[in-house]
Amino acid sequence: MALDEVKLADGKMVASTLFQLTSGTSKSRSNLKQTLQDRLTWTTFVLSSGEQSLKEKVLSDKGKWLPGMSVRFTDIDVTEINSHVDKPIIDKILAGIQGNFGCAGPAFVEALIKSGVHENPDELRHRIQETSNRLIGNSNSEGSLQRAALPLSLIQVAGEMAQEFGVLPKYDLAAAIHWAWDRYLKSSDAASLDPDQNCIDALRDWIARNWEVSLKNLELPSSGFRQADGWFNYDCVYILADQIVDAVGIGLKRAEIARILDRNGILTLTDSDRKTYRRVPGMPGVTVFALDRAQMGPRIEDYSEDP
C-alpha cells in the first residue's frame, strides 16, 4: 500500500491508522451458532512519503506518538540529501523509466512459484532473519530494533530474489539498504525505541510545559491544591501519583513508570514500602512521585527569584 502526501491527513487519524494497517488480525466475532468465527489474518507492507516524518505529523496535530509506532514504520529521514540533481543524471533516470515499464510484480510472483521457494517458507524466513541480523550487526539485539529492521530486510531479500530471477538488473542493493538503516538509526524514532529514555524524555517535556502552570512553587502562598498536578522546590519535583500516567502519555502503566524512574536514579524520596512518597512539605497525605529536580526540572539558576 502506498500513501503519498501524508501531511494532508489529520495527525490523530494517522496515529490510529498506523496500528490498524499493521495489526494483521481481525476482531473476534460470533457466528449464528454462537461460536467464534475464525479470525482473518493478513500482512500489509506500507510505503509512505511526506515533508514531515510520521512522528512529527502525529505530534503536530496533538496526537499521541507511542513507542510501538516507531517499530511498525521505519522512518528514513532524507532532509539532508541534496535535492539538486544534475541534468545528465535526470536524463538518465528518465531514459531508464521510459525503457523499463510495466508490472514487475506478476513476473516476480511467477518466477517465485517456478523456483519453488514458496514451498519452503522456513528457509525464506531464515534468510530474512539473517539479513536483519547483518543489518543490525547483532543477532542478540533487543526485539524492538529487530522489528524496526524487518521492513528493510524484506525489501533487501525481495530485491535480491528479483535480481536472481532476472526481474531486476544487478546492482548493489545491500549498500542502499544499509544507507537507509543508518539514516533511521540517526532519527528521533530510533531513539524512542529505548523505553526508559522515551519515558524520561516524555516526562521532562511535560514538566517543562507545566512548570509554574499546573506544577506549583511550594514556597509561594498560592501553591495549594487548586488546579495542581504537582509542586516543586529546590530539591524535588513532586508529581501527583494519579497524574503520572497522563504526564508521561506514551501508554505505560503507573507501575512500569515507577520502575523506570527508580532504576534510572530519578526518584529521590520514597516511602519504605513503595516508590511513591506521602510527605510533601505543607501537603500532608498527598501521594506523589518525588523526582530529582537536577535531572528533571529547569536549572535553579534559570529561576533565581524562585526555588
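In this predicted model, the residues W211 and F232 are both buried. Their rings have centres 3.9 Å apart and planes at 25°, and because planes under 30 degrees apart count as stacked, the pair is called stacked. The pair links distant parts of the chain, since W211 sits in the loop between α10 (195–210) and β3 (215–217), while F232 belongs to strand β4 (residues 230–232), 21 residues away.

The structure holds three aromatic pairs, and another of them joins F108 to F165, whose ring centres are 5.8 Å apart with planes at 50°, so this pair is tilted. Here too distant parts of the chain are linked: F108 is in helix α5 (residues 104–115) and F165 is in helix α7 (residues 143–165), 57 residues apart. With a relative accessibility of 24%, F165 counts as partly exposed. The table sets out these two pairs.

| Pair | Distance between ring centres | Angle between planes | Kind |
|---|---|---|---|
| W211 and F232 | 3.9 Å | 25° | stacked |
| F108 and F165 | 5.8 Å | 50° | tilted |

In soluble globular proteins, nonpolar side chains tend to be buried together. The largest nonpolar core of this model has 25 residues, and those with the most contacts inside it are L203, I207, V237, I239 and L291. At least two residues of this core come from each of α10, β5 (236–240), α11 (244–248), α12 (254–263) and β8 (283–292), and the largest share, six residues, is supplied by α10. If neighbours within four places in sequence are left aside, I207 is in contact with L215, V237, I239, L291, M296 and G297. Another core, of 12 residues, lies apart from the largest one, and among its members are W231, L240, V286 and V288.

Is R183 buried or exposed? At 13% relative accessibility, R183 counts as buried, because buried means under 20%. Not counting residues up to four places away in sequence, R183 touches I76, D77, V78, T79 and E80.

Conventions:
Residues numbered from 1 in each chain as written. Predicted model: local features only at pLDDT ≥ 70, side-chain atom pairs only at ≥ 80, totals over all residues. Heavy atoms only, no water. Phe/Tyr/Trp six-rings, centres within 6.5 Å; stacked < 30°, edge-to-face > 60°. Helix = DSSP H or I, 4+ residues; strand = E, 2+ residues; numbered from the N terminus. Buried < 20%, exposed > 50% of the residue type's maximum accessible area, 1.4 Å probe, protein only. Core = buried A, V, L, I, M, F, W, Y, C linked by side-chain atoms within 4.5 Å. Contact = heavy atoms within 4.5 Å.
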